[in-house]
Amino acid sequence: MINLSLKASEKERIIDQAKELPQIELRSDLVNDVENIANGVFSPLEGFFNNEDLELCLFEKRLSNDFPWTIPIILDISEERSKEIQEDDEIILHNKNGLLAVMKVDEKYKYDKQKLAQYVFGTTETNHPGVARVFTLGDVLIGGRIGLVNETKRQYEQYNLKPIETRILFKEKGWRTVVGFQTRNPPHIGHEYVQKTALTFTDGIFINPVIGKKKIGDFRDDVILASYEELMKHYYLKERAVMSILNFDMRYAGPREAIFHAIVRKNFGCSHIIIGRDHAGVGNYYDPYAAQDIFEEFPDLGIFPIFFKAFFYCKRCGGVANEKTCPHSETDHISFSGSKIRKLICDKKLPPEEIMRPEVAKLIICEENPFVSE
Amino acid sequence: MAEKKDDEKQRKKFTTVSIPTPLFRKVEERIKDTGFTSVSSYVTYVLREIVAEGEKEEEEHPFSEEDEERVKERLRRLGYLE
Ligand SMILES: [Zn+2]
(Lines give C-alpha, C1' and ligand atoms only; values in the text may rest on other atoms or scores of the structure.)
Protein backbone atom coordinates (compact mmCIF):
# COMPACT_ATOMS: atom_id res chain seq x y z
CA MET A 1 0.00 0.00 0.00
CA ILE A 2 1.36 3.39 -0.95
CA ASN A 3 1.40 5.86 1.93
CA LEU A 4 3.51 8.95 1.35
CA SER A 5 2.51 10.83 4.50
CA LEU A 6 5.70 12.00 6.16
CA LYS A 7 6.75 10.57 9.52
CA ALA A 8 6.61 13.00 12.45
CA SER A 9 10.35 13.75 12.50
CA GLU A 10 10.51 14.35 8.78
CA LYS A 11 7.41 16.52 8.95
CA GLU A 12 9.06 18.64 11.63
CA ARG A 13 12.16 19.11 9.50
CA ILE A 14 10.08 20.23 6.50
CA ILE A 15 8.00 22.66 8.58
CA ASP A 16 11.22 24.12 10.04
CA GLN A 17 12.88 24.55 6.66
CA ALA A 18 9.81 25.42 4.64
CA LYS A 19 10.46 29.17 4.60
CA GLU A 20 13.81 28.75 2.87
CA LEU A 21 12.50 26.39 0.19
CA PRO A 22 10.87 27.37 -3.12
CA GLN A 23 7.09 27.49 -2.78
CA ILE A 24 4.29 26.67 -5.18
CA GLU A 25 0.62 27.31 -4.56
CA LEU A 26 -1.40 24.58 -6.22
CA ARG A 27 -4.74 24.75 -8.01
CA SER A 28 -7.46 22.57 -6.51
CA ASP A 29 -7.03 19.86 -9.16
CA LEU A 30 -3.34 19.57 -8.27
CA VAL A 31 -4.14 19.47 -4.55
CA ASN A 32 -6.37 16.50 -5.36
CA ASP A 33 -3.61 14.86 -7.38
CA VAL A 34 -1.08 15.29 -4.56
CA GLU A 35 -3.36 13.65 -2.02
CA ASN A 36 -4.42 10.94 -4.43
CA ILE A 37 -0.77 10.08 -5.02
CA ALA A 38 0.05 10.21 -1.31
CA ASN A 39 -2.89 8.03 -0.27
CA GLY A 40 -2.42 5.37 -2.93
CA VAL A 41 -5.45 6.28 -5.03
CA PHE A 42 -2.98 6.64 -7.91
CA SER A 43 -0.79 3.69 -6.90
CA PRO A 44 1.86 2.83 -8.09
CA LEU A 45 2.66 6.52 -8.64
CA GLU A 46 4.79 8.11 -5.93
CA GLY A 47 4.97 11.54 -7.46
CA PHE A 48 4.32 13.63 -10.53
CA PHE A 49 5.49 12.33 -13.90
CA ASN A 50 8.98 12.87 -15.17
CA ASN A 51 9.50 13.11 -18.92
CA GLU A 52 10.03 9.37 -19.41
CA ASP A 53 6.75 8.49 -17.72
CA LEU A 54 4.94 11.16 -19.70
CA GLU A 55 6.22 9.91 -23.04
CA LEU A 56 5.52 6.27 -22.22
CA CYS A 57 2.07 7.17 -20.98
CA LEU A 58 1.31 8.98 -24.23
CA PHE A 59 2.81 6.45 -26.66
CA GLU A 60 2.46 3.14 -24.84
CA LYS A 61 -0.27 3.83 -22.27
CA ARG A 62 2.16 2.65 -19.61
CA LEU A 63 4.60 3.92 -16.98
CA SER A 64 8.34 3.37 -17.05
CA ASN A 65 7.80 0.30 -14.81
CA ASP A 66 5.46 -1.15 -17.48
CA PHE A 67 2.39 -0.60 -15.33
CA PRO A 68 -0.71 0.39 -17.36
CA TRP A 69 -1.32 4.15 -17.16
CA THR A 70 -3.32 6.29 -19.57
CA ILE A 71 -3.80 9.77 -18.09
CA PRO A 72 -0.76 12.00 -17.46
CA ILE A 73 -0.40 13.09 -13.84
CA ILE A 74 1.68 16.20 -14.28
CA LEU A 75 2.60 19.25 -12.25
CA ASP A 76 2.74 22.34 -14.45
CA ILE A 77 4.31 25.69 -13.64
CA SER A 78 4.90 28.87 -15.61
CA GLU A 79 8.15 29.46 -17.45
CA GLU A 80 8.77 32.42 -15.11
CA ARG A 81 8.28 30.31 -11.99
CA SER A 82 10.43 27.51 -13.34
CA LYS A 83 13.52 29.72 -13.22
CA GLU A 84 13.44 29.62 -9.43
CA ILE A 85 13.31 25.82 -9.32
CA GLN A 86 16.21 23.51 -10.06
CA GLU A 87 16.45 19.75 -10.36
CA ASP A 88 17.22 18.09 -6.99
CA ASP A 89 15.58 20.98 -5.12
CA GLU A 90 13.10 20.26 -2.39
CA ILE A 91 10.05 22.42 -2.96
CA ILE A 92 7.00 23.17 -0.86
CA LEU A 93 3.52 22.61 -2.27
CA HIS A 94 0.71 24.67 -0.77
CA ASN A 95 -3.03 24.44 -0.82
CA LYS A 96 -5.29 27.41 0.06
CA ASN A 97 -4.77 26.87 3.78
CA GLY A 98 -1.04 26.35 3.88
CA LEU A 99 1.60 23.67 3.72
CA LEU A 100 0.39 20.55 1.91
CA ALA A 101 3.40 18.57 0.76
CA VAL A 102 7.05 18.54 -0.15
CA MET A 103 8.42 17.43 -3.48
CA LYS A 104 11.92 16.44 -4.45
CA VAL A 105 12.33 17.73 -8.00
CA ASP A 106 13.64 14.91 -10.10
CA GLU A 107 13.23 16.62 -13.46
CA LYS A 108 12.18 19.94 -14.94
CA TYR A 109 11.14 19.73 -18.57
CA LYS A 110 9.13 21.21 -21.41
CA TYR A 111 6.36 19.39 -23.19
CA ASP A 112 4.27 19.66 -26.31
CA LYS A 113 0.64 20.47 -25.44
CA GLN A 114 -0.63 19.67 -28.95
CA LYS A 115 0.94 16.24 -28.80
CA LEU A 116 -0.32 15.60 -25.29
CA ALA A 117 -3.87 16.55 -26.30
CA GLN A 118 -3.72 14.47 -29.47
CA TYR A 119 -2.58 11.33 -27.67
CA VAL A 120 -4.77 11.60 -24.59
CA PHE A 121 -7.98 12.97 -26.14
CA GLY A 122 -7.52 11.97 -29.77
CA THR A 123 -8.10 15.59 -30.78
CA THR A 124 -6.60 19.05 -30.41
CA GLU A 125 -9.95 20.84 -30.73
CA THR A 126 -10.33 23.28 -27.89
CA ASN A 127 -14.09 22.70 -27.78
CA HIS A 128 -13.17 19.50 -25.99
CA PRO A 129 -13.07 20.45 -22.29
CA GLY A 130 -10.07 18.20 -21.59
CA VAL A 131 -8.10 19.72 -24.44
CA ALA A 132 -9.09 23.24 -23.41
CA ARG A 133 -7.77 22.48 -19.94
CA VAL A 134 -4.40 21.32 -21.34
CA PHE A 135 -3.95 24.62 -23.14
CA THR A 136 -4.42 26.55 -19.91
CA LEU A 137 -1.55 24.70 -18.19
CA GLY A 138 1.86 26.22 -17.52
CA ASP A 139 4.60 25.60 -20.09
CA VAL A 140 7.01 23.72 -17.83
CA LEU A 141 6.51 20.47 -15.94
CA ILE A 142 8.28 19.28 -12.83
CA GLY A 143 8.37 15.65 -11.85
CA GLY A 144 9.40 14.01 -8.62
CA ARG A 145 8.42 12.12 -5.50
CA ILE A 146 6.14 13.81 -3.02
CA GLY A 147 5.73 13.58 0.73
CA LEU A 148 2.44 14.64 2.30
CA VAL A 149 2.75 16.99 5.28
CA ASN A 150 -0.87 17.97 6.03
CA GLU A 151 -4.07 16.53 4.67
CA THR A 152 -6.59 19.00 3.28
CA LYS A 153 -9.75 19.36 5.32
CA ARG A 154 -12.52 18.13 3.04
CA GLN A 155 -16.13 19.11 2.80
CA TYR A 156 -17.60 15.61 2.81
CA GLU A 157 -15.35 13.99 5.39
CA GLN A 158 -17.58 10.98 5.90
CA TYR A 159 -17.34 10.14 2.21
CA ASN A 160 -13.58 10.65 1.91
CA LEU A 161 -12.25 7.15 2.31
CA LYS A 162 -8.68 6.28 1.37
CA PRO A 163 -7.77 3.03 -0.37
CA ILE A 164 -6.50 1.53 2.87
CA GLU A 165 -9.88 2.32 4.44
CA THR A 166 -12.04 0.94 1.63
CA ARG A 167 -9.89 -2.17 1.43
CA ILE A 168 -10.20 -2.85 5.13
CA LEU A 169 -13.92 -2.04 4.96
CA PHE A 170 -14.49 -4.52 2.13
CA LYS A 171 -12.50 -7.13 4.03
CA GLU A 172 -14.52 -6.56 7.21
CA LYS A 173 -17.72 -6.86 5.23
CA GLY A 174 -16.48 -10.18 3.92
CA TRP A 175 -16.63 -9.01 0.31
CA ARG A 176 -14.29 -11.01 -1.88
CA THR A 177 -15.53 -9.38 -5.06
CA VAL A 178 -16.51 -5.73 -5.28
CA VAL A 179 -17.75 -3.87 -8.31
CA GLY A 180 -16.92 -0.18 -8.65
CA PHE A 181 -19.35 2.32 -10.15
CA GLN A 182 -18.13 5.65 -11.46
CA THR A 183 -20.65 8.47 -11.54
CA ARG A 184 -21.08 12.20 -11.85
CA ASN A 185 -24.88 12.35 -11.84
CA PRO A 186 -27.77 11.57 -9.50
CA PRO A 187 -28.99 8.03 -10.09
CA HIS A 188 -31.82 7.20 -12.45
CA ILE A 189 -33.44 3.79 -12.81
CA GLY A 190 -30.97 2.81 -15.53
CA HIS A 191 -28.02 3.39 -13.21
CA GLU A 192 -29.69 1.33 -10.53
CA TYR A 193 -30.27 -1.42 -13.06
CA VAL A 194 -26.62 -1.70 -14.09
CA GLN A 195 -25.44 -1.50 -10.49
CA LYS A 196 -27.80 -4.21 -9.31
CA THR A 197 -27.15 -6.41 -12.33
CA ALA A 198 -23.43 -6.25 -11.55
CA LEU A 199 -24.14 -6.76 -7.86
CA THR A 200 -25.93 -9.99 -8.70
CA PHE A 201 -22.51 -11.43 -9.54
CA THR A 202 -20.37 -9.74 -6.89
CA ASP A 203 -20.43 -9.52 -3.10
CA GLY A 204 -20.69 -5.75 -2.92
CA ILE A 205 -20.95 -2.52 -4.85
CA PHE A 206 -18.73 0.52 -4.36
CA ILE A 207 -20.47 3.67 -5.57
CA ASN A 208 -17.73 6.19 -6.23
CA PRO A 209 -18.93 9.62 -7.42
CA VAL A 210 -16.29 11.93 -8.84
CA ILE A 211 -16.20 15.20 -6.98
CA GLY A 212 -14.20 17.95 -8.59
CA LYS A 213 -14.40 20.90 -10.88
CA LYS A 214 -17.73 20.89 -12.68
CA LYS A 215 -19.12 22.50 -15.79
CA ILE A 216 -21.96 25.01 -15.51
CA GLY A 217 -25.19 23.02 -15.66
CA ASP A 218 -23.72 19.87 -14.05
CA PHE A 219 -25.48 18.59 -10.94
CA ARG A 220 -24.07 20.00 -7.69
CA ASP A 221 -21.89 17.64 -5.67
CA ASP A 222 -24.12 17.80 -2.60
CA VAL A 223 -27.17 16.95 -4.73
CA ILE A 224 -25.42 13.92 -6.23
CA LEU A 225 -24.40 12.64 -2.80
CA ALA A 226 -27.79 13.29 -1.20
CA SER A 227 -29.63 11.59 -4.06
CA TYR A 228 -27.47 8.49 -3.71
CA GLU A 229 -28.00 8.49 0.05
CA GLU A 230 -31.72 8.53 -0.61
CA LEU A 231 -31.54 5.74 -3.18
CA MET A 232 -29.37 3.58 -0.94
CA LYS A 233 -31.60 4.16 2.06
CA HIS A 234 -34.70 2.91 0.26
CA TYR A 235 -33.46 0.46 -2.35
CA TYR A 236 -30.09 -1.05 -1.33
CA LEU A 237 -29.00 -3.42 1.41
CA LYS A 238 -26.71 -1.58 3.79
CA GLU A 239 -24.42 -4.60 3.97
CA ARG A 240 -24.04 -4.74 0.19
CA ALA A 241 -23.39 -1.13 -0.87
CA VAL A 242 -20.82 1.47 0.10
CA MET A 243 -20.43 5.02 -1.17
CA SER A 244 -17.31 7.14 -1.01
CA ILE A 245 -16.03 9.86 -3.29
CA LEU A 246 -13.11 10.36 -5.64
CA ASN A 247 -11.68 13.88 -5.56
CA PHE A 248 -10.66 14.34 -9.15
CA ASP A 249 -11.32 16.69 -12.05
CA MET A 250 -12.78 14.70 -14.94
CA ARG A 251 -10.62 14.91 -18.06
CA TYR A 252 -13.32 13.54 -20.43
CA ALA A 253 -10.67 11.38 -22.11
CA GLY A 254 -13.14 8.60 -22.99
CA PRO A 255 -11.31 5.28 -23.47
CA ARG A 256 -8.10 6.38 -21.77
CA GLU A 257 -10.05 7.70 -18.83
CA ALA A 258 -11.99 4.44 -18.58
CA ILE A 259 -8.69 2.61 -18.02
CA PHE A 260 -7.64 5.23 -15.52
CA HIS A 261 -10.95 4.93 -13.66
CA ALA A 262 -10.42 1.17 -13.55
CA ILE A 263 -6.92 1.51 -12.06
CA VAL A 264 -8.19 3.90 -9.40
CA ARG A 265 -11.05 1.56 -8.44
CA LYS A 266 -8.63 -1.35 -8.26
CA ASN A 267 -6.60 0.71 -5.82
CA PHE A 268 -9.71 1.19 -3.69
CA GLY A 269 -9.99 -2.59 -3.59
CA CYS A 270 -12.50 -3.33 -6.35
CA SER A 271 -12.25 -6.55 -8.32
CA HIS A 272 -14.62 -5.33 -11.05
CA ILE A 273 -15.69 -2.05 -12.61
CA ILE A 274 -18.78 -1.13 -14.57
CA ILE A 275 -18.03 0.42 -17.95
CA GLY A 276 -21.06 1.72 -19.77
CA ARG A 277 -21.65 3.24 -23.15
CA ASP A 278 -19.41 6.25 -23.87
CA HIS A 279 -17.75 6.03 -20.46
CA ALA A 280 -16.02 9.34 -19.55
CA GLY A 281 -16.85 10.68 -22.98
CA VAL A 282 -18.01 14.13 -23.99
CA GLY A 283 -19.81 15.36 -27.09
CA ASN A 284 -19.25 13.03 -30.03
CA TYR A 285 -15.50 12.71 -29.66
CA TYR A 286 -15.39 8.96 -29.03
CA ASP A 287 -16.94 5.89 -30.51
CA PRO A 288 -19.54 4.86 -27.89
CA TYR A 289 -17.83 1.52 -27.25
CA ALA A 290 -14.19 2.61 -27.58
CA ALA A 291 -14.04 2.85 -23.79
CA GLN A 292 -14.86 -0.88 -23.65
CA ASP A 293 -12.66 -2.03 -26.54
CA ILE A 294 -9.54 -0.43 -25.05
CA PHE A 295 -9.55 -2.95 -22.19
CA GLU A 296 -8.30 -5.58 -24.65
CA GLU A 297 -4.93 -3.85 -24.62
CA PHE A 298 -4.42 -4.51 -20.91
CA PRO A 299 -4.21 -8.14 -19.81
CA ASP A 300 -2.42 -6.97 -16.66
CA LEU A 301 -4.87 -4.40 -15.35
CA GLY A 302 -5.80 -6.42 -12.27
CA ILE A 303 -9.49 -5.46 -12.38
CA PHE A 304 -12.23 -6.90 -14.57
CA PRO A 305 -14.48 -4.60 -16.56
CA ILE A 306 -18.19 -5.40 -16.74
CA PHE A 307 -19.51 -3.91 -19.95
CA PHE A 308 -23.01 -2.56 -20.42
CA LYS A 309 -24.70 -1.60 -23.65
CA ALA A 310 -27.18 1.24 -23.89
CA PHE A 311 -30.32 0.46 -21.90
CA PHE A 312 -33.86 1.84 -21.72
CA TYR A 313 -37.13 1.23 -19.97
CA CYS A 314 -39.43 -1.01 -22.02
CA LYS A 315 -43.14 -0.66 -21.34
CA ARG A 316 -43.91 -4.12 -22.69
CA CYS A 317 -41.05 -5.86 -20.87
CA GLY A 318 -42.11 -3.91 -17.80
CA GLY A 319 -38.59 -3.04 -16.76
CA VAL A 320 -35.16 -1.87 -17.81
CA ALA A 321 -33.86 -3.70 -20.86
CA ASN A 322 -31.27 -3.46 -23.58
CA GLU A 323 -30.98 -4.47 -27.21
CA LYS A 324 -29.88 -7.97 -26.17
CA THR A 325 -32.80 -8.58 -23.83
CA CYS A 326 -35.79 -6.81 -25.37
CA PRO A 327 -37.49 -7.83 -28.65
CA HIS A 328 -39.89 -4.86 -28.76
CA SER A 329 -39.86 -1.81 -30.93
CA GLU A 330 -38.56 1.62 -30.03
CA THR A 331 -42.09 2.96 -29.61
CA ASP A 332 -42.31 0.83 -26.46
CA HIS A 333 -39.09 2.27 -25.04
CA ILE A 334 -38.52 5.19 -22.70
CA SER A 335 -34.94 6.47 -22.80
CA PHE A 336 -32.91 7.63 -19.81
CA SER A 337 -31.77 10.70 -21.63
CA GLY A 338 -29.89 13.02 -19.31
CA SER A 339 -31.18 16.11 -21.09
CA LYS A 340 -34.78 14.91 -20.76
CA ILE A 341 -34.40 14.37 -17.01
CA ARG A 342 -32.69 17.74 -16.70
CA LYS A 343 -35.51 19.48 -18.55
CA LEU A 344 -38.17 17.93 -16.29
CA ILE A 345 -36.24 18.94 -13.20
CA CYS A 346 -35.76 22.51 -14.45
CA ASP A 347 -39.52 22.71 -15.01
CA LYS A 348 -40.02 21.37 -11.45
CA LYS A 349 -41.82 18.31 -12.83
CA LEU A 350 -41.25 14.87 -11.32
CA PRO A 351 -39.65 12.47 -13.80
CA PRO A 352 -41.86 9.37 -14.22
CA GLU A 353 -41.22 6.40 -11.95
CA GLU A 354 -39.93 4.38 -14.90
CA ILE A 355 -37.06 6.88 -15.10
CA MET A 356 -36.29 7.89 -11.54
CA ARG A 357 -37.20 6.71 -8.06
CA PRO A 358 -39.77 9.13 -6.59
CA GLU A 359 -37.70 9.60 -3.40
CA VAL A 360 -34.70 10.66 -5.47
CA ALA A 361 -36.74 12.81 -7.83
CA LYS A 362 -38.46 14.64 -4.97
CA LEU A 363 -35.19 15.35 -3.26
CA ILE A 364 -33.73 16.91 -6.40
CA ILE A 365 -36.84 18.92 -7.21
CA CYS A 366 -36.94 20.39 -3.71
CA GLU A 367 -33.59 22.04 -4.36
CA GLU A 368 -34.04 25.54 -5.65
CA ASN A 369 -31.23 25.04 -8.14
CA PRO A 370 -29.67 21.56 -8.17
CA PHE A 371 -27.18 22.59 -10.87
CA VAL A 372 -23.79 24.28 -10.82
CA SER A 373 -24.44 27.89 -11.79
CA GLU A 374 -21.04 29.56 -11.64
CA MET B 1 9.44 14.96 -38.30
CA ALA B 2 7.96 14.92 -34.83
CA GLU B 3 6.52 11.47 -35.47
CA LYS B 4 9.87 10.05 -36.47
CA LYS B 5 11.43 11.30 -33.27
CA ASP B 6 8.66 9.64 -31.27
CA ASP B 7 9.30 6.37 -33.04
CA GLU B 8 12.98 6.49 -32.17
CA LYS B 9 12.22 7.09 -28.54
CA GLN B 10 9.78 4.19 -28.50
CA ARG B 11 12.26 1.82 -30.05
CA LYS B 12 14.75 2.39 -27.27
CA LYS B 13 12.25 0.87 -24.86
CA PHE B 14 12.47 -2.61 -26.38
CA THR B 15 14.86 -5.48 -25.97
CA THR B 16 15.18 -8.94 -27.57
CA VAL B 17 14.21 -12.30 -26.09
CA SER B 18 14.94 -15.62 -27.82
CA ILE B 19 12.29 -18.25 -28.32
CA PRO B 20 12.58 -21.50 -30.32
CA THR B 21 11.92 -20.99 -34.02
CA PRO B 22 9.18 -23.66 -34.23
CA LEU B 23 7.34 -21.92 -31.39
CA PHE B 24 7.74 -18.61 -33.14
CA ARG B 25 6.15 -20.12 -36.29
CA LYS B 26 3.33 -21.65 -34.30
CA VAL B 27 2.57 -18.29 -32.71
CA GLU B 28 2.78 -16.60 -36.10
CA GLU B 29 0.18 -19.03 -37.38
CA ARG B 30 -1.97 -18.61 -34.29
CA ILE B 31 -2.19 -14.81 -34.43
CA LYS B 32 -3.32 -14.64 -38.05
CA ASP B 33 -6.65 -12.80 -38.27
CA THR B 34 -6.45 -11.66 -34.66
CA GLY B 35 -5.79 -8.13 -33.45
CA PHE B 36 -2.13 -8.97 -32.85
CA THR B 37 0.15 -7.48 -35.47
CA SER B 38 3.33 -9.37 -34.54
CA VAL B 39 4.64 -12.29 -32.51
CA SER B 40 6.35 -9.75 -30.28
CA SER B 41 3.10 -8.01 -29.40
CA TYR B 42 1.48 -11.39 -28.68
CA VAL B 43 4.34 -12.55 -26.47
CA THR B 44 4.30 -9.21 -24.63
CA TYR B 45 0.57 -9.57 -24.02
CA VAL B 46 0.82 -13.09 -22.68
CA LEU B 47 3.79 -12.27 -20.44
CA ARG B 48 2.05 -9.24 -18.97
CA GLU B 49 -0.95 -11.37 -18.15
CA ILE B 50 1.16 -14.00 -16.37
CA VAL B 51 3.37 -11.53 -14.52
CA ALA B 52 0.31 -9.61 -13.28
CA GLU B 53 -1.20 -12.84 -11.92
CA GLY B 54 1.94 -13.41 -9.86
CA GLU B 55 1.92 -9.86 -8.52
CA LYS B 56 -1.68 -10.21 -7.38
CA GLU B 57 -0.79 -13.17 -5.16
CA GLU B 58 2.08 -11.25 -3.57
CA GLU B 59 -0.09 -8.43 -2.23
CA GLU B 60 -2.37 -10.54 -0.01
CA HIS B 61 -1.81 -8.89 3.42
CA PRO B 62 -0.66 -5.37 2.78
CA PHE B 63 -1.53 -3.68 6.10
CA SER B 64 -0.24 -3.89 9.64
CA GLU B 65 -2.40 -4.70 12.65
CA GLU B 66 -2.14 -1.15 14.04
CA ASP B 67 -3.20 0.33 10.71
CA GLU B 68 -6.12 -2.03 10.65
CA GLU B 69 -7.29 -1.08 14.16
CA ARG B 70 -6.90 2.64 13.49
CA VAL B 71 -8.83 2.38 10.24
CA LYS B 72 -11.60 0.27 11.74
CA GLU B 73 -12.03 2.84 14.48
CA ARG B 74 -12.58 5.60 11.90
CA LEU B 75 -14.92 3.40 9.85
CA ARG B 76 -17.01 2.77 12.96
CA ARG B 77 -17.10 6.47 13.80
CA LEU B 78 -18.29 7.29 10.26
CA GLY B 79 -20.95 4.60 10.40
CA TYR B 80 -19.45 2.26 7.79
CA LEU B 81 -18.95 -0.50 10.34
CA GLU B 82 -21.12 -1.48 13.29
ZN1 LIG C 1 -39.26 -4.94 -24.35
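Author: Before we start on the two chains, contact here means heavy atoms within 4.5 Å. This is a predicted model, in which local features need pLDDT of at least 70 and side-chain atom pairs count only at pLDDT 80 or more, while totals for chains, interfaces and linings use all residues. Residues are numbered from 1 along each chain as its sequence is written, chains are lettered from A in the order in which they are written, and side-chain values use heavy atoms, with hydrogens and water left out.

Reader: OK, how many residues of chain B are in contact with chain A?

Author: On the chain B side there are 24, and they are in contact with 30 residues of chain A.

Reader: And what's the salt bridge count between them?

Author: Taking a salt bridge as a side-chain nitrogen of Lys or Arg within 4 Å of a carboxyl oxygen of Asp or Glu, the count between chain B and chain A is seven. One of these salt bridges joins the side chains of B:Glu68 and A:Lys171, at 2.6 Å from N to O.

Reader: Is A:Cys346 buried or partly exposed?

Author: Counting under 20% relative accessible area as buried, over 50% as exposed and in between as partly exposed (1.4 Å probe, protein chains only), A:Cys346 is partly exposed at 48%, whereas A:Cys57 is buried at 0%.
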